[in-house]
Amino acid sequence: MRSLRAAAVAAGACAMVGLTVSGCGPTGLAAGPLQTSISTAFANLYVLQQVEQGNPRPSVLSLHAHTSCQKGTPATPQDGSGVWTCLVTYYVAGPAYPVVAKYIVDVQTDGCYAADGDGPASVNGQQTVTGPHYEQVTNPLRLIDGCFDTT
């Protein structure tokens, strides 16, 4: 209990004083590494989803997947653990046809996250997708779990 109280006091001191000292300041949990991790995971899982649905296998590179994440409002510091909203833009029919998939992402202090699909329903909004013989298969894009380097 004493160490928990000391950590809370130290965190409060960092917030109140606004100094960057050892233990205060940026956490390493920034938008850039999160966006890169989600982009890579999404592209790989999109390929898996297409294969499981019996569609032609796209290449990961052809998707040109890139992600934009925001924590809270633009006024919110864009780092740290907590809930982020991420939009993955990718191209399925060439560079003229972008598609956007939305994820609500819970980032933990260790750089690991769970990204919950929030639409469109046909991409990541449903627990299952229809396979080639009309069977229901687990949708690999519904929930993306991953980690990124925080150093």
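Biologist: How many bridges join E2 to E3, and which way do the two strands run?
Modeller: Ten bridges, and the strands run antiparallel. Bear in mind that this is a predicted model.

Biologist: OK, back up a bit. What does the secondary structure of the chain come to?
Modeller: Three helices and seven strands. Going along the sequence, the pattern is α-α-α-β-β-β-β-β-β-β.

Biologist: In what order do the strands form the open sheet?
Modeller: Five strands make up that sheet, in the order E1-E2-E3-E4-E7, with antiparallel pairing.

Biologist: Which strands stand at the edges?
Modeller: Strand E1 (66-71) and strand E7 (143-147). Each has a single partner strand, so one side of each has no neighbour in the sheet. As for twist, the average is 25° from one strand to the next.

Biologist: How many bridges join E4 to E7?
Modeller: Five, between antiparallel strands, with E4 covering residues 112-117. Ala115 has Ile144 in E7 as its bridge partner.

Biologist: And over how many bridges do E3 and E4 pair?
Modeller: Five there too, in the antiparallel sense. Ile104 stands opposite Asp116 in E4. The hairpin of these two strands has four residues between them, and Gly111 takes a positive phi near 90° in that hairpin.

Biologist: Switching to helices. What does H2 lie across?
Modeller: Helix H2 (residues 31-52) lies across E1, strand E2 (82-91), strand E3 (98-107), E4 and E7. Its direction is at about 135° to E1.

Biologist: How far does H2 reach from its first C-alpha to its last?
Modeller: 31 Å for 22 residues, close to the 32 Å expected at 1.5 Å a residue. Just after H2 comes Gly54, with a positive phi of about 80°.

Biologist: Which residues of H2 are buried?
Modeller: Among them are Leu34, Ile38, Ala41, Phe42, Tyr46 and Val47.

Biologist: Why would residues three or four places apart point the same way?
Modeller: That goes with 3.6 residues a turn in an α-helix, so such residues point the same way.

Biologist: Now cysteines. How many disulfides does the count come to?
Modeller: Two disulfides. One joins Cys69 to Cys86, with S to S at 2.1 Å. Those two sit in distant parts of the chain, Cys69 in strand E1 and Cys86 in strand E2, 17 residues apart.

Biologist: Is the Cys69 and Cys86 disulfide right-handed or left-handed, and why?
Modeller: The torsion about the S-S bond is about 115°, so the disulfide is right-handed.

Biologist: Are those two buried or exposed? Start with Cys69, then Cys86.
Modeller: Cys69 is buried, with a relative accessible area of 8%. Cys86 is buried as well, at 0%.

Biologist: How far apart are the sulfur atoms of Cys112 and Cys147?
Modeller: They are 1.9 Å apart, and the two cysteines form a disulfide. That link is right-handed, with 95° about the S-S bond. Cys112 is in strand E4 and Cys147 in strand E7, 35 residues apart, so this pair also links distant parts of the chain.

Biologist: What is the relative accessible area of Cys112?
Modeller: 23%, so Cys112 is partly exposed. Cys147 counts as partly exposed too, at 47%.

Biologist: What about His64, what is its phi?
Modeller: Positive, about 50°, although His64 is not a glycine. The residue is in the loop between helix H3 (60-63) and E1, and His64 counts as exposed at 51% relative accessibility. Tyr134, also not a glycine, has a positive phi of about 65°. Tyr134 lies in the loop between E5 and strand E6 (136-138) and is exposed, with a relative accessible area of 74%.

Biologist: Last one, on the whole chain. What share of the 151 residues is buried?
Modeller: 32%. The accessible surface comes to about 8,900 Å², and 60% of that belongs to carbon and sulfur atoms. On contacts between residues at least 6 apart in sequence, 49% join residues at least 24 apart.

How values were computed:
Residues are numbered from 1 along each chain as its sequence is written. This is a predicted model: local features need pLDDT of at least 70, side-chain atom pairs count only at pLDDT 80 or more; totals for chains, interfaces and linings use all residues. Side-chain values use heavy atoms; hydrogens and water are left out. Two strands pair if DSSP finds at least two bridges between them. Axes are lines fitted to C-alpha atoms, for helices over the stretch in contact, and angles run from 0 to 180 degrees between N-to-C directions. Contact means heavy atoms within 4.5 Å. The expected span of a helix is 1.5 Å times one less than its number of residues. Buried means under 20% relative accessible area, exposed over 50%, partly exposed in between (1.4 Å probe, protein chains only). A disulfide is a pair of cysteine sulfur atoms within 2.5 Å. Accessible areas come from the Shrake-Rupley method with a 1.4 Å probe; for residues, only the protein chains shown count as cover.
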